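Please read it alongside the sequence and coordinates displayed here.

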Amino acid sequence: MTTQQLTQQIHQKKSFLCIGLDVDLNKIPPHLLQREDPIFEFNKVIIDATHDLCVAYKPNTAFYEAYGIKGWQALERTINYINEKYPDIFTIADAKRGDIGNTSSMYAKAFFNDLNFDSVTVAPYMGKDSIEPFLAFENKHTILLALTSNEGAFDFQTKNIDGKPLYQQVLETSKTWENAHRLMYVVGATKADFFAEIRKIVPDNFLLVPGVGAQGGSLADVCKYGINNSIGLLINSSRAIIYADHGENFAIKVREEARKIQQEMALILKNFSS
């Protein structure tokens, strides 16, 4: 999927919501545990209930890898279901990969060719030759960790090195890599006051923004400083939506929670375009 197609979906759905499919079997509705593949069955209900309210889904691969081969098979079933039934949805493998070139090439093939995700999250610490293998895939996107939403982000990401915060150096350096136009960036919603500076460095790239909702990030603050001419934001919400209810009819509450965010986004988009 191209960024132009993603932007079209944002305007058509009046939403830039990304829903995180982080499945914990201890938290899903108990009746699903009797199913042969409870992880996929849970995801399927979430997807069917919200596909018209969001533009992206983001499974965090750790929540699937933790259940061994069955978890990985559930991830494969989930991405296949999205691609077959809702091909307009942008998909993100939240895998946070990144290794020497040979290994990164294999990671990229796994997520882009085998599973057919539109994008994958990667860590920048090992530098250019660990990221460029991902960037070589046409119409696929590499989402680089820049400034994350967790408290530990202040341990390294905001530290000054030669008079400039490390996250800013990551952003600036990444722009020099081959096929850098295929980069997106992770910027946490809990760091909303950093967005204005980030947009000076990467004005045109999409930003994947976790931390709205359960982690306390403000959608209004993120949009105030983060929206660009093509919107350029994917706001992720996971727990606040997918675990909104634990009854047999949990899809109703899940949809209600997703719609609340979508309606807030629709108003922001209306004000942005006026």
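**Notes on the predicted model**

1. Helix 4 (residues 68–85) has 18 residues, which at 1.5 Å a residue should span 26 Å; its end C-alpha atoms are 26 Å apart, in agreement. The expected span is 1.5 Å times one less than the number of residues. Helices (H or I, at least four residues) and strands (E, at least two) are DSSP runs, numbered from the N terminus. This is a predicted model, in which local features need pLDDT of at least 70 and side-chain atom pairs count only at pLDDT 80 or more, while totals for chains, interfaces and linings use all residues. Residues are numbered from 1 along each chain as its sequence is written, and side-chain values use heavy atoms, with hydrogens and water left out.

2. The buried residues of helix 4 are G71, A74, L75, T78, I79, Y81 and I82. Seen down the axis of helix 4, these fall within an arc of 155° and so line one face; the arc is taken from the directions from the helix axis to the C-beta atoms. On the other side, I69, K70 and E84 are exposed. Buried means under 20% relative accessible area, exposed over 50%, and partly exposed in between (1.4 Å probe, protein chains only). The cover over the buried residues includes helix 2 (38–50), strand 2 (56–58), helix 3 (62–65) and strand 3.

3. The largest nonpolar core has 89 residues, and those with the most contacts inside it are F16, I19 and L233. Helix 12 (residues 250–273) supplies the largest share of this core, 7 residues. Such a core is a set of buried Ala, Val, Leu, Ile, Met, Phe, Trp, Tyr and Cys residues joined through side-chain atoms within 4.5 Å. Among the residues that L233 touches are I10, F16, F195 and C223, a contact being heavy atoms within 4.5 Å.

4. How many disulfides does the count come to? The count is 0 disulfides, a disulfide being a pair of cysteine sulfur atoms within 2.5 Å. For C18, the nearest cysteine sulfur, that of C54, is 7.6 Å away. The sulfur of C223 is 14 Å from the closest cysteine sulfur, in C18, which is too far for a bond. C18 is buried at 0% relative accessibility, and C223 is buried at 8%.

5. K96, in strand 3, has a positive phi near 50° and is partly exposed at 42% relative accessibility. I231, in the loop between helix 10 (219–226) and strand 10 (233–237), has a positive phi near 75° and is buried at 0%.

Note on methods:
Lists of a residue's contacts leave out its neighbours within four places in sequence.
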